[in-house]
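Let's take a walk through this protein together, from its overall layout down to single side chains. Here are the sequence and the structure to keep beside you.

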Amino acid sequence: MASTAFKNLAKKVSLQELKWLRDSAPNQQALHNMLVRRVAGEPLQYILGNTPFGPLTIKTRPPTLIPRPETEDWTYKLARFVSQTFPSKQLNIVDLCTGTGCIPLLLSALLPPGSVRSLGIDISELACQLALENAAEAGFSHPVYRVQQDNILSPEFSKTLQEQSFDLITCNPPYIPPSEYHSLPACVKDYEDRDALLADSPDGLLFYRALPSIFKALLRAPNGVFAVEVGHKQGEAVVKLFKDARSFHSIELWNDPWDIPRTVVGRT
């Protein structure tokens, strides 16, 4: 019989969350410990150790950024877009700020088998290791997916890839400005990597200002495509940055399922 303490904990989470935790816990004590963590505010995805992302199950560990539904949504749209843009072509993809590796791994799952080779870049050693684990779990290990630990804001970054040519660049960079970061829910700012969330400039555009020159250097294949996730008030400003670079065309702003401008997409 469940103790009073357990019952009190269980009342503080939703029935759906309780079901997920029960399904994941090997025994009652483990379930109790998981409930304690959840009631304290730890994200459910970290407690369970994974999260669904399309047909994939992506491993999640603190502090690597947890994949979001809006990212999943635009990755599906991008798969359809590149299928039309590059029919019957093997794609070379670089994913900047790769985190768990969820974006290129989902593209590998959605596009024709054998048609994708991708490189994930992240400054975090923990993220790079987790991305490799996710690639192995999904059946997309080297050479389908590989990682490189690097700082994309380093002046030398593009030179490290100068021998490679990419058809598609994806990027979900840090974009939350300091004024918004401090008002984030505790379940986000107390657990997820600050460096994966915070763009340390007043407008949150620190990374976006660097991206046009990086993309120009890396998208050397004909008709290259890029897709970049943006914050909820940043879409038009990021579109302008790419238009002002005068190296890209057909720049679009895609909305997420909540009708928020979420992804800037363009071509070389």
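The C-alpha centres of domain 1 and domain 2 lie 34 Å apart. Domain 1 covers 4–40, while domain 2 is made of 51–59 + 62–267; these bounds come from an automatic or database domain assignment. Keep in mind that this is a predicted model, in which local features need pLDDT of at least 70 and side-chain atom pairs count only at pLDDT 80 or more, while totals for chains, interfaces and linings use all residues. Residues are numbered from 1 along each chain as its sequence is written, and side-chain values use heavy atoms, with hydrogens and water left out.

An unreviewed UniProt entry lists residues 88–192 as "domain: Methyltransferase"; such annotations may be inferred rather than shown by experiment, and the positions are given in the numbering used here, with feature names shortened. The span is 30% helix and 21% strand, and its end C-alpha atoms lie 39 Å apart. Helices (H or I, at least four residues) and strands (E, at least two) are DSSP runs, numbered from the N terminus.

Now for the charges. The structure holds 12 salt bridges, each a side-chain nitrogen of Lys or Arg within 4 Å of a carboxyl oxygen of Asp or Glu. One of them joins D167 to K89, with the closest N and O atoms 2.9 Å apart. This pair links distant parts of the chain, 78 residues apart: D167 is in the loop between β5 (145–149) and β6 (168–171), and K89 in the loop between α5 (69–85) and β3 (91–96). D167 is buried at 2% relative accessible area, whereas K89 is partly exposed at 36%; buried means under 20%, exposed over 50%, and partly exposed in between (1.4 Å probe, protein chains only).

What about the cysteines? The structure holds 0 disulfides, a disulfide being a pair of cysteine sulfur atoms within 2.5 Å. The sulfur of C97 is 4.3 Å from the closest cysteine sulfur, in C171, which is too far for a bond. For C187, the nearest cysteine sulfur, that of C102, is 18 Å away.

Finally, look at R267 in strand β9 (residues 261–267). R267 is buried yet has no salt bridge, and E252, the nearest side chain of opposite charge, is 7.7 Å away.

Technical notes. Lys, Arg positive; Asp, Glu negative; His and termini not counted.
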